[in-house]
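Good morning, colleagues. Please look at the sequence and the model on the screen, and I shall go through them region by region.

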Amino acid sequence: MALRFEVLGRFNRARAAQLTLPHFVCQTPLFMPVGTQGTIKGLATDQLEEIGCQIILGNTYHLALRPTSELIDEMGGVHKFMNWPRALLTDSGGFQMVIFPILHCPLII
């Protein structure tokens, strides 16, 4: 399925749109909770669906570290690991890949 972004309406500088993704069609504006390590703290996925959550934001760097990319593969992918049927958006984790080694490793000269 192709990704699609369609503006449905405008008012001044605001806009309402429809974002078509492989697992779900999202209506914007929307709230996107962060599931850094494949989970939303404090709410189960069925509760997120009940309150109208359309998409969850994840971080590839954190997912690779914990729970690990191997475990996610074994579970059948991020959607199955999280038990989340709707849309997911993950960022690359590029910032974390650059900054965390500097913060967590002593300087070797």
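How many bridges join strand β4 to strand β5, and do the two run parallel or antiparallel? Five bridges join β4 to β5 (residues 87–91), and the two strands run parallel. Strands are said to pair if DSSP finds at least two bridges between them. Within this pairing, I56 stands opposite L88 of β5. Strand β4 covers residues 55–59 and is mostly covered, since four of its five residues are buried. By buried I mean under 20% relative accessible area; exposed means over 50%, and partly exposed is in between, with a 1.4 Å probe and protein chains only.

Before I continue, a word on the source. This is a predicted model, in which local features need pLDDT of at least 70 and side-chain atom pairs count only at pLDDT 80 or more, while totals for chains, interfaces and linings use all residues. Residues are numbered from 1 along each chain as its sequence is written, and side-chain values use heavy atoms, with hydrogens and water left out.

Let me turn to the overall architecture. The protein has four helices and five strands, and along the sequence they follow the pattern β-β-β-α-β-α-α-β-α. The protein is more spread out than a compact globule, because its radius of gyration is 17 Å, well over the 13 Å that the globule rule gives for 109 residues. That radius is taken over C-alpha atoms, and the rule is 2.2 Å times the number of residues to the power 0.38. As for the elements themselves, helices (H or I, at least four residues) and strands (E, at least two) are DSSP runs, numbered from the N terminus.

Along the principal axes, the C-alpha atoms fill a box of roughly 60 × 35 × 30 Å. Buried residues make up 27% of the 109 residues. The protein exposes about 7,700 Å², of which carbon and sulfur atoms supply 61%; the areas come from the Shrake-Rupley method with a 1.4 Å probe, and for residues only the protein chains shown count as cover. Among contacts with a separation of 6 or more, 52% are between residues 24 or more positions apart. Contact here means heavy atoms within 4.5 Å.

I now come to the individual residues, beginning with the peptide bonds. Which residues does a cis peptide bond with omega of about 0° join? Such a bond joins T28 and P29. T28 is found in strand β3 (residues 25–28), whereas P29 is placed in the loop between β3 and α1. T28 counts as buried because its relative accessibility is 19%. Leaving aside neighbours within four places in sequence, T28 is in contact with A16 and A17.

A cis peptide bond also joins R66 and P67, where omega is about 25°. P67 has its place in helix α2, residues 60–75. T68 is likewise placed in helix α2, and T68 has a positive phi of about 100° although it is not a glycine. With a relative accessible area of 25%, T68 is partly exposed.

Another residue other than glycine with a positive phi is N83, at a value near 55°. N83 is found in the loop between α3 (78–82) and β5. Is N83 buried or exposed? N83 counts as exposed because its relative accessibility is 55%.

H79 is found in helix α3. H79 is buried, with a relative accessible area of 19%. Apart from neighbours within four places in sequence, H79 is in contact with H23, W84, P85, R86, A87 and L88. H79 and G38 are 41 residues apart in sequence, and their C-alpha atoms are 9.0 Å apart in space.

Two loop residues remain. L43 lies in the loop between β3 and α1 and counts as partly exposed, at 36% relative accessibility. Not counting residues up to four places away in sequence, L43 touches L48 and I51. G52 lies in the loop between α1 (45–50) and β4, and at 39% relative accessibility G52 counts as partly exposed. The C-alpha atoms of G52 and A2, 50 residues apart along the chain, are separated by 23 Å.

Thank you for your attention.
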